[in-house]
Amino acid sequence: MEVIVNNKEITVPHNYTVSNLIKHLNYIESVAVFINGKQILMSQYGNYQLSKNDNIRIIKPLGGG
(Lines give C-alpha, C1' and ligand atoms only; values in the text may rest on other atoms or scores of the structure.)
Protein backbone atom coordinates (compact mmCIF):
# COMPACT_ATOMS: atom_id res chain seq x y z
CA MET A 1 0.00 0.00 0.00
CA GLU A 2 1.14 3.54 -0.60
CA VAL A 3 1.82 6.11 2.12
CA ILE A 4 3.46 9.51 1.97
CA VAL A 5 6.51 10.03 4.19
CA ASN A 6 8.02 13.52 4.35
CA ASN A 7 6.40 14.40 1.01
CA LYS A 8 7.61 11.22 -0.78
CA GLU A 9 5.32 8.36 -1.72
CA ILE A 10 6.57 4.94 -0.65
CA THR A 11 5.08 1.45 -0.71
CA VAL A 12 4.83 -0.55 2.51
CA PRO A 13 3.17 -3.89 3.31
CA HIS A 14 -0.28 -4.03 4.89
CA ASN A 15 -0.24 -4.26 8.72
CA TYR A 16 2.91 -2.09 8.82
CA THR A 17 3.41 -0.26 12.11
CA VAL A 18 5.12 3.04 12.81
CA SER A 19 8.00 1.05 14.36
CA ASN A 20 8.35 -1.00 11.16
CA LEU A 21 8.47 2.20 9.12
CA ILE A 22 11.06 3.85 11.38
CA LYS A 23 13.33 0.79 11.15
CA HIS A 24 12.77 0.50 7.37
CA LEU A 25 13.87 4.12 6.90
CA ASN A 26 16.88 3.70 9.25
CA TYR A 27 15.70 6.27 11.78
CA ILE A 28 16.28 5.92 15.50
CA GLU A 29 13.19 5.33 17.67
CA SER A 30 13.39 8.76 19.29
CA VAL A 31 11.85 10.67 16.40
CA ALA A 32 8.61 12.64 16.38
CA VAL A 33 5.96 11.12 14.12
CA PHE A 34 2.87 12.89 12.86
CA ILE A 35 0.23 11.00 10.88
CA ASN A 36 -2.34 13.07 9.04
CA GLY A 37 -1.42 16.05 11.22
CA LYS A 38 -1.76 14.22 14.57
CA GLN A 39 1.30 13.39 16.69
CA ILE A 40 1.67 9.73 17.60
CA LEU A 41 3.14 8.97 21.02
CA MET A 42 6.36 6.97 21.10
CA SER A 43 4.60 4.35 23.24
CA GLN A 44 2.18 3.74 20.32
CA TYR A 45 4.81 3.17 17.61
CA GLY A 46 4.73 -0.62 17.94
CA ASN A 47 0.94 -0.89 17.80
CA TYR A 48 -0.12 1.94 15.48
CA GLN A 49 -0.82 0.43 12.05
CA LEU A 50 -0.48 2.58 8.97
CA SER A 51 -3.36 2.99 6.54
CA LYS A 52 -3.36 3.51 2.80
CA ASN A 53 -2.58 7.12 1.80
CA ASP A 54 -1.52 8.16 5.32
CA ASN A 55 0.47 11.40 5.25
CA ILE A 56 3.38 10.81 7.61
CA ARG A 57 5.89 13.36 8.82
CA ILE A 58 8.99 12.15 10.66
CA ILE A 59 11.10 14.72 12.47
CA LYS A 60 14.54 13.92 13.86
CA PRO A 61 15.58 15.55 17.13
CA LEU A 62 18.09 18.37 16.89
CA GLY A 63 21.33 18.15 18.75
CA GLY A 64 23.06 21.11 20.19
CA GLY A 65 24.84 22.54 23.05
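A salt bridge is taken here as a side-chain nitrogen of Lys or Arg within 4 Å of a carboxyl oxygen of Asp or Glu, and buried denotes a relative accessible area under 20%, exposed over 50% and partly exposed in between, computed with a 1.4 Å probe on protein chains only. The structure is a predicted model, in which local features need pLDDT of at least 70 and side-chain atom pairs count only at pLDDT 80 or more, while totals for chains, interfaces and linings use all residues. Residues are numbered from 1 along each chain as its sequence is written, and side-chain values use heavy atoms, with hydrogens and water left out.

With Lys and Arg counted as positive, Asp and Glu as negative, and His and the chain ends not counted, Asp54 is buried yet has no salt bridge, the nearest side chain of opposite charge being that of Lys38, 11 Å away. Asp54 is found in the loop between strand S4 (38-40) and strand S5 (55-59), where strands (E, at least two residues) and helices (H or I, at least four) are DSSP runs numbered from the N terminus. The side chain of Asp54 is joined to that of Asn36 by a polar contact of 3.0 Å; such a contact is a pair of N or O atoms within 3.5 Å, of which, within protein, one must be able to donate a hydrogen and the other to accept it, and residues adjacent in sequence count only if both atoms are side-chain atoms. When residues up to four places away in sequence are not counted, Asp54 touches Glu2, Val3, Ile4, Ile35 and Asn36, contact meaning heavy atoms within 4.5 Å.

The 5 strands form an open sheet of mixed pairing in the order S2-S1-S5-S3-S4, two strands being paired if DSSP finds at least two bridges between them. Strand S2 (8-11) and S4 stand at the edges with a single partner strand each, so one side of each is left without a neighbour in the sheet. Strand S1 (residues 2-5) pairs with S2 in the antiparallel sense over 4 bridges, with Val3 opposite Ile10 and Ile4 opposite Glu9. The hairpin of S1 and S2 has 2 residues between the strands, and Asn6 takes a positive phi near 50° there. S1 also pairs with S5, in the parallel sense and over 2 bridges, and Val5 has Ile56 as its bridge partner in S5.

Strand S3 (residues 32-35) and S5 run antiparallel and are joined by 4 bridges, with Ala32 and Ile59 as bridge partners. In a regular strand the side chains alternate between the two faces of the sheet. Ile59 is partly exposed, at a relative accessible area of 40%, and touches Val31, Ala32 and Phe34 when residues up to four places away in sequence are not counted.

Leaving aside neighbours within four places in sequence, Thr17 is in contact with Tyr45, Gly46, Tyr48, Gln49 and Leu50.
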